[in-house]
Amino acid sequence: MKLIERETYLNKMINVIGTPDIKVITGVRRCGKSKLLDAFKAYVEKSIPDCNIIHINFNLPEYEHLLKYRALYDYINERYIEEKTNFVFIDEVQMCKDFEKAINGLHASEKYDIYITGANAFLLSSDLATLFTGRTFEIKVFPFSFGEYLKYFGYTDKYAAFDKYVLEGGMSGSYLYKDQEAKYDYIADVFNTLIVRDIRKKYKIRSPQLMDRIADFLMDNISNLSSARSITSALSGSDEKTTHTTVSNYLQYLCNAFAFYKVRRYDIKGKKYLSANDKYYLSDHTFRYAKLGTKNMDYGRILENIVAVELLRRGYEVYVGVLYKKEIDFVAIKRSEKIYIQVSDNISDAKTFEREVSPLLKINDAYPKTIIARTRHDEYQYEGVRIIDIANWLTE
């Protein structure tokens, strides 16, 4: 398989070499966490001559004897070399029973620089502080961005390449298949076999059929406001009865595994977060095609999904803006930075452009305002609002 250097993530790892944190690489299944760890290992071997790397990959049968925490702990300690800089790399750490005991013990010894990957349902961002007694540093990995997609294939025509990216997405394992249906079969298998299997195992799901229906509902309603109660009501016609509490739990499980990202609403005028109704975006938009088909492409929603994930990839907190009963697609916040964003497939029609720009013009602060659309033109300004083609914005 062709590999590219994922510089953003690699640099994050390089910058924390030698810190006392437990480094935890998270992200949706098959997004490249193990390959990133391999790339980082190669960097360490090249750049730190006195390194001693203890690398365990629980996907490989030769490490089967380490599936209990004490065996793992002893194996690593036996390979410690005092006069060297000792690194511990562990892939799929959750396969070791009570792995956190081994990791906490190794961390407490202050002898190792520790990096781990694992199934997301077992290494939740919200649970890291509880799971590990030491401080953790999380490296959040996403499927390929559009920029990485260009780099992988060597495309130079961004506009034509973006049309392909809309169909093929960022699950790079699918790039090995030439037929589009074969690509979607692979992507569907990632979702069904890897993501949902992890969730069922972790939470002992009693109704996998209900979870499948909830996932399908969210995919079909990308960018629509949803709540546990509204989803429960929408599913009430099925044979299987459920409650909004169960639906709420299943929504959380899907987000825990990075299948979906939940985006809350933000009252721009009142400067407060709203608790009722959220939006859910797929970690990769092609999961929708693979599961539901491509008859209804709904490009506007797909572009919105792509922008939402890119904002998260760039480290923003992302919210849906509410202003005078009007909706702003995204309010993106990073420390003192704030950006208001509208996303549209096509703004060539005057009425569509007016619908997208008018909510932005009603915001009475000086933060940047942007419309991202498929214009295929250079960017321009309209009454202080930046208008930019999505392919250009994604590669800034």
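**View 1. Thr136 is partly exposed, with a relative accessibility of 22%.** The model is predicted. Buried would require under 20%, so Thr136 falls in the partly exposed class. Thr136 belongs to strand β5, which spans residues 136-140. Its contacts, leaving out residues up to four places away in sequence, are Asp21, Ile22, Val24 and Leu128. Asp21 lies 115 residues from Thr136 along the chain, yet their C-alpha atoms are 4.9 Å apart.

**View 2. The largest nonpolar core has 94 residues.** Phe162, Ile214 and Phe260 have the most contacts inside this core. Helix α8 (residues 180-203) gives the most to the core, 11 residues.

**View 3. Phe162 and its contacts in the predicted model.** Neighbours within four places in sequence are set aside here. Phe162 then touches Phe146, Leu303, Ile306, Arg374, Ile390, Ala391 and Leu394. Phe162 is also among the residues with the most contacts inside the largest nonpolar core.

**View 4. A second core is separate and has 24 residues.** This core includes Ile56, Tyr63, Val93 and Ile114.

**View 5. The largest cavity has a volume of about 90 Å³.** The lining comprises 14 residues. Tyr165, His285, Ile306, Val309 and Arg313 are the closest to the cavity centre. Helix α13 (residues 299-313) supplies the largest share of the lining, 5 residues. By class, 7 lining residues are nonpolar, 4 are polar and 3 are charged. The count of cavities of 30 Å³ or more is 1. Ile306, one of the residues closest to the cavity centre, is also in contact with Phe162.

Technical notes:
Residues numbered from 1 in each chain as written. Predicted model: local features only at pLDDT ≥ 70, side-chain atom pairs only at ≥ 80, totals over all residues. Heavy atoms only, no water. Helix = DSSP H or I, 4+ residues; strand = E, 2+ residues; numbered from the N terminus. Buried < 20%, exposed > 50% of the residue type's maximum accessible area, 1.4 Å probe, protein only. Contact = heavy atoms within 4.5 Å. 1 Å grid on protein atoms, 1.4 Å probe; cavity = no way out; pocket = protein on both sides within 12 Å on 5 of 7 lines; lining within 4 Å. Points joined across faces, edges and corners; volume = space filled by probe spheres on them. Nonpolar A, V, L, I, M, F, W, Y, C, P; charged D, E, K, R; others polar. Core = buried A, V, L, I, M, F, W, Y, C linked by side-chain atoms within 4.5 Å.
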